[in-house]
Amino acid sequence: MDENLMLTWQKCLQFMRDNLNAAEDNSDLKKLEKSFDLLFDKVQPISLVDNNLTLMVPSDFYKEYIEDNYLSLLSAALKKNIGKGVKLWYSVMENKPSGLEKPVTMNMKGKTVPTPKVQETMPQGFSSNIVNPFVVPGIKKVNIDSNLKSDFSFDNYVEGESNKFAATVARSIAKRPGATAFNPLFLYGGYGVGKTHLGQAVGLEVKSQFPDKVVLYLSSEKFIQQFISAAKAHKQTEFANFYQMVDVLIIDDIQFLSGKSATQDSFFHIFDYLHQNGKQIILTSDKAPADIMDIQDRIVSRFKWGLSAEIKSPDYSTRKQIIVDKLSRDGIVLTEDMLDFLASEAKTNVRELIGVINSVIAYSTIYKSDLSLELLKDTINKIAANQKKIINIPYIQEVVCDYFGIKREQLLSKTRKREIALPRQLAMYFAKELTNATFTKIGEEMGGKDHSTVMYACETIKDVSKIDKEVKKYVKELSERIKQ
């Protein structure tokens with residue numbers, strides 16, 4: 001190892017240690033320093049080339065933990081000891097467990113997978129305010145950031161009965177993007193079941209197999225924000241041109257286009273252009289196309305041109321395999337009874353499951369504690385206690401708005417449009433069913449409505465849900481989300 005680099009790194013560590021948040025007493029400070037030392041003891045600098053610093057870390061967890069807890073402090077240390085503009089890369093080594101007596105092992109093979117924290121998306125010297133980086137004079141295409149996470153690959157995607165069909169179609173698309181009958185691919189299902197992972201997996205595979213193709217992943221919220229900015233600057237044409245140059249477009253949570261007519265118009269024309277020119281479109285949503293409210297019929301019809309695939313919550317065996325795969329990548333070995341316990345605890349979705357797993361990894365890695373079934377149960381119980389939500393009217397409003405893709409202001413407004421009135425009635429119904437609030441109190445919280453309006457809404461939902469399958473489905477799914 002370069003002695004100068006090691007000396008510089010030691011100076012960075014000392015700077016960070018000296019600037020740890022001051023604790024109330026020396027014992028707390030010692031704990032903070034001990035945690036810091038345990039973490040960075042396994043992190044080593046391996047190269048510094050053209051202001052690109054590469055750190056060797058034992059697993060993905062270390063990278064994520066550093067970025068979540070020490071990135072600001074590390075950035076300050078690098079600026080002080082190396083200079084401005086340092087870009088951070090990681091070499092994540094493959095771990096293999098050596099036995100149950102050592103739950104955390106660091107057996108490094110030497111094959112590195114660089115993961116840039118900072119990635120330039122524009123050539124040096126050009127303004128970042130250019131709406132369409134593809135049309136910079138003299139440049140055919142710019143290497144834009146695809147916004148893909150390397151963790152969301154097919155290799156890390158666990159298939160089971162709940163997602164097998166969608167995963168098979170996704171793999172087929174990755175081999176021939178835009179050239180299959182599955183265009184667009186519309187993935188839908190509840191929160192945290194793996195829609196984003198699967199969509200990004202296609203993007204990563206396309207980038208691997210077809211390096212020249214332009215792949216772009218973003219949320220619908222980001223798309224909407226970009227359109228609004230372009231409209232204010234009178235650059236809607238440049239905005240459209242930018243997206244027309246994308247070969248694989250992946251948009252998350254497309255249901256949030258609901259009610260945004262101008263953005264829908266722009267999306268419609270972008271969609272048509274991409275589809276007609278053989279470009280691949282992948283969309284995710286928490287609802288099936290027909291269930292998204294306040295979306296133009298012409299857009300809904302295009303959602304159905306390709307294939308709609310539902311992803312359900314993983315079953316027990318799939319959950320268990322997800323746990324095994326995740327923990328093995330971080331060098332942690334659990335006994336069968338521990339695995340069975342974890343798989344039985346996280347029943348709702350993959351995101352909840354990963355959260356539980358990360359908590360286990362954090363505890364075992366930072367504190368070097370031997371894992372046991374009793375310790376796991378204690379940890380999970382603490383997590384459940386901390387995450388327990390109080391069901392009140394604002395919380396119910398939040399869940400209902402999120403479910404229907406509308407704003408709280410719309411929910412509390414006086415409009416009688418069905419796409420707003422029905423969610424409002426459902427919010428009133430659940431407020432009465434799940435809280436101790438009176439009709440008068442609910443009316444006040446729902447934008448100053450009269451108590452008789454609330455009473456009518458509650459009776460309406462009760463009666464209609466018995467004969468209307470759609471409303472019955474809304475009641476069932478919202479009830480699960482609110483109580484979750």
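At what angle do helix 7 and helix 9 pack, and how far apart are their axes? In this predicted model, helix 7 (residues 220-232) meets helix 9 (residues 261-276) at about 100°, and the axes lie 10 Å apart. An angle from 65 to 115 degrees counts as roughly perpendicular, so helix 7 is roughly perpendicular to helix 9.

Who does the touching? On the helix 7 side, the contact is made by Phe223, Ile224 and Phe227, and helix 9 brings Ala262, Thr263, Ser266, Phe267 and Ile270. Sort those residues by class and you get 6 nonpolar, 2 polar and no charged.

Helix 7 also packs against helix 8 (residues 236-244), with an angle of about 145° and axes 8 Å apart. Here helix 7 uses Phe223, Gln226, Phe227, Ala230 and Ala231, while helix 8 supplies Gln236, Phe239 and Tyr243. Phe223 and Phe227 of helix 7 turn up in both lists.

Here are the two pairs side by side:

| Helix pair | Angle between axes | Distance between axes |
|---|---|---|
| Helix 7 and helix 9 | about 100° | 10 Å |
| Helix 7 and helix 8 | about 145° | 8 Å |

Now for the whole protein. It has 484 residues, and 46% of them count as buried. The secondary structure comes to 20 helices and 8 strands. If you take the contacts with a separation of 6 or more, 72% of them join residues 24 or more positions apart.

Two single residues are worth a look while you have the structure open. Start with Asp291, which sits in the loop between strand 7 (280-285) and helix 10 (297-303). Is Asp291 buried or exposed? Its relative accessible area is 18%, and the cut-off for buried is under 20%, so Asp291 counts as buried. Setting aside neighbours within four places in sequence, Asp291 is in contact with Lys473 and Tyr474. With Lys473 there is a polar contact, side chain to side chain, at 3.2 Å.

The other one is Glu459, found in helix 19 (residues 451-467). Glu459 has 43% relative accessibility and therefore counts as partly exposed. Find Tyr429 as well: Glu459 and Tyr429 are 30 residues apart in sequence, and their C-alpha atoms are 8.1 Å apart in space.

Key: Residues are numbered from 1 along each chain as its sequence is written. This is a predicted model: local features need pLDDT of at least 70, side-chain atom pairs count only at pLDDT 80 or more; totals for chains, interfaces and linings use all residues. Side-chain values use heavy atoms; hydrogens and water are left out. Helices (H or I, at least four residues) and strands (E, at least two) are DSSP runs, numbered from the N terminus. Buried means under 20% relative accessible area, exposed over 50%, partly exposed in between (1.4 Å probe, protein chains only). Contact means heavy atoms within 4.5 Å. Axes are lines fitted to C-alpha atoms, for helices over the stretch in contact, and angles run from 0 to 180 degrees between N-to-C directions. Angles under 35 degrees count as roughly parallel, over 145 as roughly antiparallel, 65 to 115 as roughly perpendicular and the rest as oblique. Ala, Val, Leu, Ile, Met, Phe, Trp, Tyr, Cys and Pro count as nonpolar, Asp, Glu, Lys and Arg as charged, and the others, Gly among them, as polar. A polar contact is a pair of N or O atoms within 3.5 Å; within protein, one must be able to donate a hydrogen and the other to accept it, and residues adjacent in sequence count only if both atoms are side-chain atoms.
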